[in-house]
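Student: I have a model open and want to learn how to read it. Can you take me through it feature by feature?

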Amino acid sequence: MRKATNGDAGFVRFVDVQKSYDGKTHVVKDLNLEIARGEFMTLLGPSGSGKTTCLMMLAGFETLSDGDILLDGASIGATPPQKRNIGMVFQSYALFPHMTIAENIAFPLEARGMGKADIKQRVDRALGMIRLESFGGRLPGQLSGGQQQRVALARALVFEPTLVLMDEPLGALDKQLREEMQYEIMHIQQRLGVTVVYVTHDQSEALTMSNRVAIFNGGRIQQLAAPKQIYEEPVNSFVARFIGENNRLNGKVRDIGGGACLVDVGQGESIRAAAINVSTPGQATTLSIRPERVAIGAAAAGAENCFDATIDEIVFHGDHLRVSATLCAQPGFVIKVPNGADVSIGGPGERIKIGWAARDCRALDQG
Ligand SMILES: Nc1ncnc2c1ncn2[C@@H]1O[C@H](COP(=O)(O)OP(=O)(O)O)[C@@H](O)[C@H]1O
Ligand SMILES: [Mg+2]
């Protein structure tokens with residue numbers, strides 16, 4: 001797991017930023033976000049949630065409708081994009097097709113008027129960093145997608161920017177290469193200590209790579225926290241649904257107090273839960289429970305919430321069994337049982353106990 005950085009907290013600051021393209025609807029709303037020096041910050045959210053717009057405003061390719069963005073304490077409003085000293089990597093590698101790999105990487109250095117000898121040294125070092133030492137003389141078209149994306153990464157880093165923005169940089173790569181590249185980018189970022197703002201709609205990528213993740217929906221940050229906290233402690237139904245898998249049970253709050261609540265579900269059953277995003281008795285709520293937090297069979301006995309369920313399906317997934325059951329008259333409740341766990345589970349139709357702790361069950365807004 002990645003540690004939080006302790007660089008200065010407000011290296012990049014979005015202050016009350018609003019953005020509208022048409023003067024009517026806001027696609028970024030009341031955005032306040034601080035990014036520390038050396039931090040790997042990911043903006044994660046569904047398509048259209050405003051992630052790219054935020055990155056483009058930071059890069060200087062889009063104007064702000066209101067608010068301000070500060071870089072290292074100074075407003076960047078008046079600084080043109082090429083003067084912001086920001087590296088960028090996009091999903092389309094955007095390499096110059098008729099220039100060699102070395103020429104592509106040299107480009108930002110030449111644009112800054114650096115001398116030939118310095119350029120050669122820096123380009124060689126950058127090629128080493130992305131493990132393409134012998135590829136300098138080739139054209140982009142002679143490289144695979146993954147190699148081209150590493151070149152784009154080298155070109156974004158070669159002039160030693162303090163800040164690098166990446167917008168879905170691995171979106172065009174297949175799954176295995178994408179996972180390898182996640183680690184490669186992460187390790188390079190750690191080694192250089194550069195600040196990264198990374199945009200993706202892929203939750204596993206965000207959880208793997210980031211110091212902190214900002215979850216976007218409808219132009220607003222829904223939650224901003226370290227990956228583990230985002231996963232374990234979603235603050236609302238949107239985040240719970242968007243990150244990982246969860247069981248959702250609808251009900252009504254009966255009692256609430258001291259951070260806990262009792263929720264009526266189904267036909268007379270009630271469930272003890274942590275009161276996260278509910279406040280009053282009578283309120284409709286959706287309970288969120290991770291499948292790996294649910295015990296089954298003998299292990300469920302004595303749990304704060306323990307019910308008889310009917311097994312609908314059992315599927316073998318190698319490292320775990322995935323059991324689907326009907327519980328409190330609601331079908332589709334999923335339990336993940338680690339392979340090798342000491343439980344005997346029969347088959348579909350079997351009645352079995354399942355249970356979970358109140359703290360692993362979060363009462364959220366009805367979503
Ligand atoms: N140049 C533009 N002109 C008008 N609307 C745009 C423009 N760019 C993005 N939008 C709209 O702004 C919203 C947010 O888009 P975007 O920032 O690209 O989201 P994301 O990167 O999260 O998919 C979307 O509704 C999109 O259609
Ligand atoms: Mg986008």
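Tutor: Start with a pair of helices: the crossing of helix 2 and helix 4 is right-handed. A crossing is right-handed if the near helix is turned clockwise from the far one by less than a right angle, and left-handed if anticlockwise. Helices (H or I, at least four residues) and strands (E, at least two) are DSSP runs, numbered from the N terminus.

Student: What kind of model is this, and how are things numbered?

Tutor: This is a predicted model, where local features need pLDDT of at least 70, side-chain atom pairs count only at pLDDT 80 or more, and totals for chains, interfaces and linings use all residues. Residues are numbered from 1 along each chain as its sequence is written, while chains are lettered from A and ligands numbered from 1 in the order in which they are written.

Student: At what angle do helix 2 and helix 4 pack?

Tutor: Two packed helices are described by the angle between their axes and the distance between the axes. Here helix 2 (residues 101–111) meets helix 4 (residues 145–157) at about 30°, and the axes are 7 Å apart. Axes are lines fitted to C-alpha atoms, for helices over the stretch in contact; angles run from 0 to 180 degrees between N-to-C directions. The two helices are therefore roughly parallel. The classes are: under 35 degrees roughly parallel, over 145 roughly antiparallel, 65 to 115 roughly perpendicular, the rest oblique.

Student: Which residues make the contact?

Tutor: Helix 2 supplies Ile101, Asn104, Ile105, Phe107 and Pro108; helix 4 supplies Val151, Ala154 and Arg155. Contact means C-beta atoms, placed from the backbone, within 7 Å. By class, there are 6 nonpolar residues, 1 polar and 1 charged. Ala, Val, Leu, Ile, Met, Phe, Trp, Tyr, Cys and Pro count as nonpolar, Asp, Glu, Lys and Arg as charged, and the others, Gly among them, as polar.

Student: How does helix 2 pack with helix 3?

Tutor: The angle with helix 3 (residues 116–129) is about 130°, and the axes lie 9 Å apart. That makes helix 2 oblique to helix 3. The contact uses Ala102, Ile105, Ala106, Leu109 and Glu110 of helix 2 with Ile119, Arg122, Val123, Ala126 and Leu127 of helix 3. It has 8 nonpolar residues, no polar ones and 2 charged.

Student: Which residues of helix 2 are buried?

Tutor: An α-helix has 3.6 residues a turn, so residues three or four places apart point the same way. In helix 2, the buried residues are Ile101, Ala102, Asn104, Ile105, Ala106 and Leu109. Buried means 20 or more other C-beta atoms within 10 Å of the residue's own; exposed means 12 or fewer, and partly exposed lies in between. Their cover includes helix 3 and helix 4. Just after helix 2, Gly113 has a positive phi of about 75°.

Student: Is Met57 buried or exposed?

Tutor: Met57 counts as buried because it has 23 C-beta neighbours inside 10 Å. Met57 sits in helix 1. Leaving out residues up to four places away in sequence, it touches Val17, Lys19, Glu62, Leu64 and Ile69.

Definitions and conventions:
Contact = placed C-beta atoms within 7 Å.
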